[in-house]
Amino acid sequence: MADTTTPPEKKTVIVYKRPLAPDLMAQLEQRFTVLDFTGVTDLAEEADFLEALPRAHGLIGASVKLDRELLARAERLEAISSISVGVDNYDIAYLNERDIVLCHTPDVLTETTADTAFLLILSAARRGVELANMVRKGEWTESVKEPQFGVDVHHKTLGIVGMGRIGQAIGRRAKFGFGMTVNYHNRSRHEVVEQELDATWLEFETLLERSDIVCVTVPLSDATRKMFDQKAFEAMGAECIFVNISRGGVVDEPALIEALQNGTIRAAGLDVFETEPLSADSPLTRLDNAVTLPHIGSATHETRFAMAELAVQNLIQSLQGDRPQAPYNWDALDRG
């Protein structure tokens, strides 16, 4: 007798903003109905995307603010898989209310982002971009003299604000690669890290005062928003270098610009900004003592693929009802 049962309807997944490699897209297409909106720049204003949202069981992408109003359209939504480690683009409380799983991609980008931090540290300390531009402009006509000198990084004191995975990876590079003294500020102490790196936990302002270089890796939250303000830069002092690889919102950007212009701090290395992309009109683009990168923290072929691969697996597992590899809010949900 023929099987007359109707196969279950495939769940629908929307891929947004960040494109997936063909083999990763194929993994989703084997299991789900996939709608591709990776070429859309403003999802909130895209009629086809808004029309598709009520059909979506899963979303996968990055770099888009998915607020309560937008997600309210997604009546069937079960899971969001973000191709990022940060989750500040998502209304966590609202997702928890609706029992929607949010996944992210920690670990796989840790080492690459720590590399980026040291790229900024070295570039700011040795004035790498400024002097490379001097050569490009044909202005290198004699041996560099004291006005073009930078400062050493090795055996200096590095203050890390936020001692998570990335902060620890930066600390290892500092301690074992450059012989630096490592101090850190974090909500809680990490005794294992202190032993490994001979690191010292300090109060926030004390860390700023005692550091030659301050590197921030904290997530953006109400507690960290604009924590680096005029008072913080004044505490660092004129010889200090400030490096931000976390989120632009942790910095009071006008205060940073003023500190760089006035020599309140020596230099800054920045991969993130309050508004991205950074406007060409920003004074940061014209300051020789500011090294500005276009948010490349995890932007290598290997790491971006690993992030997308993990995000795809997170989404598949979530929509199958399994615990994903890297859930952000799993423990806050009512999983029955």
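Trainee: Hi! What should I keep in mind about the model before we start?

Mentor: It is a predicted model, where local features need pLDDT of at least 70, side-chain atom pairs count only at pLDDT 80 or more, and totals for chains, interfaces and linings use all residues. Residues are numbered from 1 along each chain as its sequence is written, and side-chain values use heavy atoms, with hydrogens and water left out.

Trainee: Great. How many cavities of 30 Å³ or more does the structure hold?

Mentor: There is 1. On a 1 Å grid over the protein atoms alone, a cavity is a set of points where a 1.4 Å probe fits but cannot get out.

Trainee: Which residues line the largest cavity?

Mentor: N244, G248, V251, E253, L256, L270, V272 and F273, where lining means having an atom within 4 Å of a point. By class that is 5 nonpolar, 2 polar and 1 charged.

Trainee: And what about the second largest pocket, how much space is in there?

Mentor: About 320 Å³. A pocket is an open set of points with protein on both sides within 12 Å along at least five of seven lines. The second largest pocket has 17 lining residues, and V129, E130, N133, L287 and D288 are the closest to its centre.

Trainee: Which helix or strand gives the most to that lining?

Mentor: α6 does, with 5 residues. Both α6 (128-136) and β12 (290-292) supply at least two. The lining divides into 8 nonpolar, 4 polar and 5 charged residues.

Trainee: Switching topic: how many disulfides are there?

Mentor: 0, taking a disulfide as a pair of cysteine sulfur atoms within 2.5 Å.

Trainee: Last one: is H104 buried or exposed?

Mentor: H104 is buried, with a relative accessible area of 11%. It sits in the loop between β5 (101-103) and α5 (110-126).

Trainee: What does the side chain of H104 reach?

Mentor: The backbone oxygen of V85, at 2.9 Å. Beyond its neighbours within four places in sequence, H104 is in contact (heavy atoms within 4.5 Å) with residues including S82, L310, N314 and Y328.

Methods: Points joined across faces, edges and corners; volume = space filled by probe spheres on them. Nonpolar A, V, L, I, M, F, W, Y, C, P; charged D, E, K, R; others polar. Helix = DSSP H or I, 4+ residues; strand = E, 2+ residues; numbered from the N terminus. Buried < 20%, exposed > 50% of the residue type's maximum accessible area, 1.4 Å probe, protein only. Polar contact = N/O pair within 3.5 Å; in protein donor to acceptor, adjacent residues only side chain to side chain.
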